[in-house]
Amino acid sequence: MSFSKERPFLLVGAGKMGGAMLSGWMAEGIDPAAIVVSDPRLSEEMDALLKKHGIRHVTSVPDGLTAGIVLVAIKPQLMDQVLPGLKSAIAADTLVLSIAAGTPVSKFEEYFGKVPICRCMPNTPAMVKRGITAVYPTEAVSASSREDVTKLLSAVGKVVWLDSEDQIDLVTGVSGSGPAYVFFLAEALSEAGKQAGLPEEIAHELAVATVCGAGELMHQSGEHPSILRQNVTSPNGTTAAALDVLMHAEGLQPVMSEAVAAAVKRARELAG
């Protein structure tokens, strides 16, 4: 790992996503003495986590600190306020990671120069260590740094590497915003059960358990979703009748494609 007690890992922003990653790193056995968390306002939960592991907390970057790795986990609108205060901690070989949506690599190069930078797009299942993070590296990121990034981000789920920064916006539309689509699927299935005549509480319980169970089955089996769908669809059965509606030319696929396209469009607008 390219950080140590002398050149620590600096986590800037310990909100839900930054905190989820921190919890994952502790579970992976990363030395808490090699981590510094910079956040002016910690939640009670995060304060307790830092105290439990003896992780150093600062409200701003102290003089004399030079980081091995910096992870920027703040809201995009705070960048111009926070990044100037990080310059003193950035050396030519400091690896900068960002999980801020809509903030291009050029924003970090504006403040830090051509240091190695990885722009990352995680998603909220990282909070239960079942996320997936897409990463775009600049040319300055070495092969060993890629290995470090993969190891760090794997603590909260899978990691995929992108060929171009433009793909980040596409990832946002699929996996970044995707958990909300799945939550809405559970909502819609629950409402459909209610409209069919089930008590609301039972419809809700059935819908949530079905979405969670199907997701876990897909995760554990490793089969393509289309294969799993076919495996549970008997010819002329009840599932086939429902899929005739969902897979109609005006069914779920065109709506999902339109939804992803709308998310991608908005991501590009936010990125300027």
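How many positive and how many negative side chains does the protein chain have? Colour the charged residues: there are 22 positive and 30 negative side chains, counting Lys and Arg as positive and Asp and Glu as negative, with His and the chain ends not counted. The centres of the two sets lie 5 Å apart, each charge being placed at NZ of Lys, CZ of Arg, CG of Asp or CD of Glu.

A word on the model before moving on. This is a predicted model, where local features need pLDDT of at least 70, side-chain atom pairs count only at pLDDT 80 or more, and totals for chains, interfaces and linings use all residues. Residues are numbered from 1 along each chain as its sequence is written, and side-chain values use heavy atoms, leaving out hydrogens and water.

Next, switch to cartoon view. You will find 11 helices and 8 strands, which are DSSP runs (helices H or I, at least four residues; strands E, at least two) numbered from the N terminus.

Now select Phe3 and Phe9. Their rings make an edge-to-face aromatic pair, 5.4 Å centre to centre with 75° between the planes (Phe, Tyr and Trp rings, using the six-membered one of Trp, pair if their centres lie within 6.5 Å; planes under 30 degrees apart are stacked, over 60 edge-to-face, the rest tilted).

Why does Phe9 count as buried? Because its relative accessibility is 1%, and buried means under 20% relative accessible area (exposed is over 50%, partly exposed in between; 1.4 Å probe, protein chains only). Phe3 is buried too, at 11%.
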